[in-house]
Amino acid sequence: MKTFISTFILIFIFFMFVFFIGFGPNNDSKSIPFDHEQEGLNKQIVINFSHVVAENTPKGQAAERFAKLVAEKTNGKVKVEVFPNGVLYAEGEEVNALIRGEIQMIAPAYSNMTELLPEWLILDLPYIFKDDEHVKAVLNGEIGDSLLGELKKHNIKGIAFWSNGFKQMTSNRGPLRAPADFLGQRFRIMPSKALEDQFRELGVKTNAMPFNQVYRNLEGGYLDGGENTISNIYSKRFYKVQKYMTISNHGYLGYSVMMNQEFWDSLPKDIQKKISEAMDETTDWLYTESQKINDQQLNLIKTTSDIQIHVLSDKERENWIDFFQPLYEEYGEKYGKRWINEIQKLSN
Ligand code: LMR
């Protein structure tokens, strides 16, 4: 009997011990020691910034620079986490992800915003911008500010317009010197009615395809060509699967840099101010940097590939401009001539 009682007591003590080790109170707080650094990290504000291009492009470089400036200006309190190359969201998915608050920041080409804001279509009209100075005066001035202000109704905070550069035409079917050279081809476009109409005038069938699918479709012969900036043609290696390129500078590729409105509103005022400063510095820097990157990469394309490059002469450029005039009438009637006139006034 004695042996039975002592065995029972031993078993009872063993189970009580196991219970307190395994399920006892404060078990969690014991295993995670208090740590001041860890407390600081919890307070860090993280801005997830998604974009679709490579790091060696104007937007890729600007995103990195902005992240660095924000970290410096806020002493590490705000961390901008950049996700390039569409690793988080493809073009076309980014805007909805931003509105839903799944990410805090994006910078898509403004053509991608035209479905939401049809007034922005005029930015895609061919030859609406004369040169880089004109682009800067429009997008970095009052017109840019009021276009960005329109985003608020979609729960989006418009922060800035970033530059990439003028778009060039590429094709596999033949040199593109005159509008008639385009007839019957199939081109990839960004999703914008104005781009669709530009190519409709040229007799080109269009396919609004996400950026990251273009190379494959050019290589496979499903597409004959497209329009893009030198930096995108270079970084995505489109020039390796295209035989002809025309330096036409017919359209501009700029980005609308945006944050989720609720996220922005939740930031303390001093943090908003620092982020705005970092953004202004990045935007200014990018205007010259993007031109440099496009020039350098055009040289690389010339020296490392067999693509035939044609630069439009002044006469040819005039022909293209005249050719697209009916679009100005059409868009003036549909969306009001006001913006077109305002933009054209700034070209001198
Ligand atoms: C494109 O789709 O061609 C561009 O919008 C990609 C980019 O973000 O520069």
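User: Leaving out residues up to four places away in sequence, what does S290 touch?

Analyst: This is a predicted model, and in it S290 touches P58, S163 and N164 once you skip residues up to four places away in sequence.

User: Which helix is S290 in?

Analyst: S290 belongs to helix 12, which covers residues 269–304.

User: Buried or exposed, that serine S290?

Analyst: S290 is buried, because its relative accessible area is 1% and the cut-off for buried is under 20%.

User: And what lies 3.4 Å from a polar atom of the S290 side chain?

Analyst: That's the backbone oxygen of N164. N164 is also one of the residues S290 touches.

User: OK, another serine. Where does S50 sit?

Analyst: S50 is in strand 1, residues 45–50. S50 has a relative accessible area of 0%, so it counts as buried.

User: Which residues does S50 touch, not counting those up to four places away in sequence?

Analyst: With those left out, S50 touches F83, L88, Y89, E94, I103, M105, I106 and A107.

User: Switching to the ligand. Which residues are around it?

Analyst: Around the ligand you'll find V52, V53, K59, E91, A109, R188, M190, F211, N228, N232, L253 and Y255.

User: Which polar side-chain atom lies 2.6 Å from a ligand oxygen?

Analyst: One from E91, which lies 2.6 Å from an oxygen atom of the ligand. N228 also has a polar side-chain atom by a ligand oxygen, at 2.8 Å. For N232, a side-chain N or O atom is 2.9 Å from an oxygen atom of the ligand.

User: How much of the ligand does the protein bury?

Analyst: The protein buries 100% of the 270 Å² that the ligand exposes when taken alone.

User: Where does the ligand sit, then?

Analyst: In the largest cavity.

User: Now W120. Where is that one?

Analyst: W120 is in the loop between strand 3 (105–106) and helix 6 (132–139).

User: Why does W120 count as buried?

Analyst: Because its relative accessibility is 0%, and anything under 20% counts as buried.

User: What does W120 touch, leaving out residues up to four places away in sequence?

Analyst: With those set aside, W120 touches Y110, M113, T114, L147, L148, L151, F161 and S256. The W120 side chain also reaches the backbone oxygen of L147, at 3.4 Å.

User: How far apart are the C-alpha atoms of W120 and A194?

Analyst: They're separated by 9.5 Å, with the two residues 74 apart along the chain.

User: Backbone angles next. What's phi for N75 and where is it?

Analyst: N75 has a phi near 50 degrees, positive although the residue is not a glycine. Most residues other than glycine have a negative phi. N75 is in the loop between helix 4 (58–73) and strand 2 (78–83), and it counts as exposed because its relative accessibility is 73%.

User: And what about phi at N155?

Analyst: N155 isn't a glycine either, and its phi is positive at about 65 degrees. N155 is in the loop between helix 7 (142–149) and strand 4 (156–171). At 22% relative accessibility, N155 is partly exposed.

User: Zooming out, how many helices and strands are there?

Analyst: The protein has 15 helices and nine strands. Of its 348 residues, 49% count as buried.

User: What share of the contacts with a separation of 6 or more comes from residues 24 or more positions apart?

Analyst: Those account for 75%.

User: Last one: what's the accessible surface of the protein?

Analyst: About 17400 Å², and 53% of that belongs to carbon and sulfur atoms.

Definitions and conventions:
Residues numbered from 1 in each chain as written. Predicted model: local features only at pLDDT ≥ 70, side-chain atom pairs only at ≥ 80, totals over all residues. Heavy atoms only, no water. Helix = DSSP H or I, 4+ residues; strand = E, 2+ residues; numbered from the N terminus. Buried < 20%, exposed > 50% of the residue type's maximum accessible area, 1.4 Å probe, protein only. Contact = heavy atoms within 4.5 Å. Polar contact = N/O pair within 3.5 Å; in protein donor to acceptor, adjacent residues only side chain to side chain. Near = heavy atom within 4 Å. Areas by Shrake-Rupley, 256 points an atom, 1.4 Å probe, with all protein chains shown as cover. 1 Å grid on protein atoms, 1.4 Å probe; cavity = no way out; pocket = protein on both sides within 12 Å on 5 of 7 lines; lining within 4 Å. Sits in = over half its atoms within 2 Å of the grid points.
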